[in-house]
Amino acid sequence: MNSPLVSIIVPVYNTEKFVDKCLNSISNQIYKNLEIIIVNDGSTDNSLSICEKHKNIDSRILILNQKNQGLSAARNTALKIASGEFISFIDSDDFIEPDFISTNLNTIIKNNSSLSICCFYNLFDTSDKATPEYFFKKKEKIKIFNRRAALKYLANGRIQSYVCNKVFKKELFDNIEFQSGKYYEDVFLMHKIFYKTRNVSFINKPLYYYYQRQESITHQFTQSKINDFFEALFSRQQFFKDNKQNKLYAYNLFNIKSISTNLEVGLKQIDFSNIKNELSQFTKNAPLLSKIKLFDLNVKHFFKRSFNYIKRTFKL
């Protein structure tokens, strides 16, 4: 059986409490043909020494050191030297099931997909209990969607933009990189990746443990974070417009409206005036917006879904 090389990229910045468990979960993957690229992004705690300990045990590990430049820059640094045919990103405070790579990779190969997405467990620092999230009803194991259907789920908020519960064909990142200097770099990028896909496999099984710091949601939001978040969503909106994806434009616009409404109600300290002005500009000449059936938009689910989207996107 063909065993293509998979590059796993792990940006590390001051995660000494978590990185040991993360790297153990990667080294102990059932699938063995791995290139494990750790980018130490200027850590000032004990993270680097923990990574070096793992490197001494596992020869597949490569450590790159750089001054602190942020998550996007760390991922881009690794992408430049990654030699795998496939690629995956693991945050250093998260960890994965032993069959994370094998299950995702086998699904890609079997279904001739460009990428595979699995479900995940939410893990909070206030509890040892991991809470699973599923795409579909539990009895459904795998679904395959063409590019347009996958983009629809991305635009309407049913699936999220973060890269860490996915395995990609590396070619999807040709001429694409993470946007440095911004929060929510995944949101800036994911629609561009999906647009290059042949089809996308959805695995209705949690294989990724997504660690979330359970602090006050209000205290986590700053003006700069909110501005970057909506800038990313509006860049997606412009992308759909430029590529004449009218129905996706409408789905994404409705999702932005739902998210902004949810946020504005709870975040009195944030100025939404510029966001509302830009939203109105996209709404004025929205192609096909009035023709999209409310049934297609699943309006009754949008506000609940957008609230969950906010919690997951801001990693709260």
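Counting a salt bridge as a side-chain nitrogen of Lys or Arg within 4 Å of a carboxyl oxygen of Asp or Glu, you get eight salt bridges here. Keep in mind that this is a predicted model, in which local features need pLDDT of at least 70, side-chain atom pairs count only at pLDDT 80 or more, and totals for chains, interfaces and linings use all residues. Residues are numbered from 1 along each chain as its sequence is written, and side-chain values use heavy atoms, with hydrogens and water left out.

Why look for such pairs at all? Because side chains of opposite charge can pair when their charged atoms come close. Take Asp-58 and Arg-60: they form a salt bridge whose closest N and O atoms are 2.9 Å apart. For burial, the scale runs on relative accessible area, with under 20% as buried, over 50% as exposed and anything in between as partly exposed (1.4 Å probe, protein chains only). Asp-58 has 9% relative accessibility, so it counts as buried, while Arg-60, at 21%, counts as partly exposed.

Two other pairs reach further along the chain. Before placing them, a word on elements: helices (H or I, at least four residues) and strands (E, at least two) are DSSP runs, numbered from the N terminus. The side chains of Lys-205 and Asp-99 meet in a salt bridge at 3.2 Å, N to O. This pair links distant parts of the chain, 106 residues apart, with Lys-205 in strand S10 (residues 199-212) and Asp-99 in the loop between strand S5 (95-96) and helix H4 (100-111). Lys-205 is partly exposed at 41% relative accessibility, whereas Asp-99 is buried, with a relative accessible area of 17%.

Then there's Lys-182 with Glu-231, where the closest N and O atoms of the salt bridge are 2.9 Å apart. Lys-182 sits in the loop between strand S9 (166-169) and H6, and Glu-231 in helix H8 (residues 223-242), so this pair ties together parts that are 49 residues apart in sequence. Both partners are partly exposed: Lys-182 has a relative accessible area of 25%, and Glu-231 has one of 33%. Elsewhere, Arg-75, Asp-91, Glu-185 and Asp-186 are linked in a network of salt bridges.

Two packed helices are described by the angle between their axes and the distance between the axes. Here the axes are lines fitted to C-alpha atoms, for helices over the stretch in contact, and angles run from 0 to 180 degrees between N-to-C directions. H6 and H8 pack at an angle of about 25°, with their axes 8 Å apart. The two helices are therefore roughly parallel to each other, on a scale where angles under 35 degrees count as roughly parallel, over 145 as roughly antiparallel, 65 to 115 as roughly perpendicular and the rest as oblique. On the H6 side, the contact (heavy atoms within 4.5 Å) is made by Val-187, Phe-188, His-191, Lys-192 and Tyr-195. H8 brings Asp-228, Glu-231, Ala-232, Leu-233, Ser-235, Arg-236 and Phe-239. Sorted by class, that contact has six nonpolar, two polar and four charged residues; Ala, Val, Leu, Ile, Met, Phe, Trp, Tyr, Cys and Pro count as nonpolar, Asp, Glu, Lys and Arg as charged, and the others, Gly among them, as polar.

Now zoom in on His-191, found in helix H6. Is it buried or exposed? At 0% relative accessibility, His-191 counts as buried. Leaving aside residues up to four places away in sequence, His-191 touches Leu-151, Leu-154, Ser-235, Arg-236 and Phe-239. Leu-151 and Leu-154 are among the buried residues of helix H5 (residues 147-155), along with Ala-150, Tyr-153 and Ala-155. Just after H5, Gly-157 takes a positive phi of about 85°.

H6 also has a part in covering helix H3 (residues 71-81). The buried residues of H3 are Ser-72, Ala-73, Ala-74, Arg-75, Asn-76, Ala-78 and Leu-79. Their cover includes strands S1 (6-12), S2 (34-41), S3 (61-66) and S4 (86-89), as well as H6 (185-195).

Stepping back, the protein has twelve helices and ten strands. Of its 316 residues, 53% count as buried.
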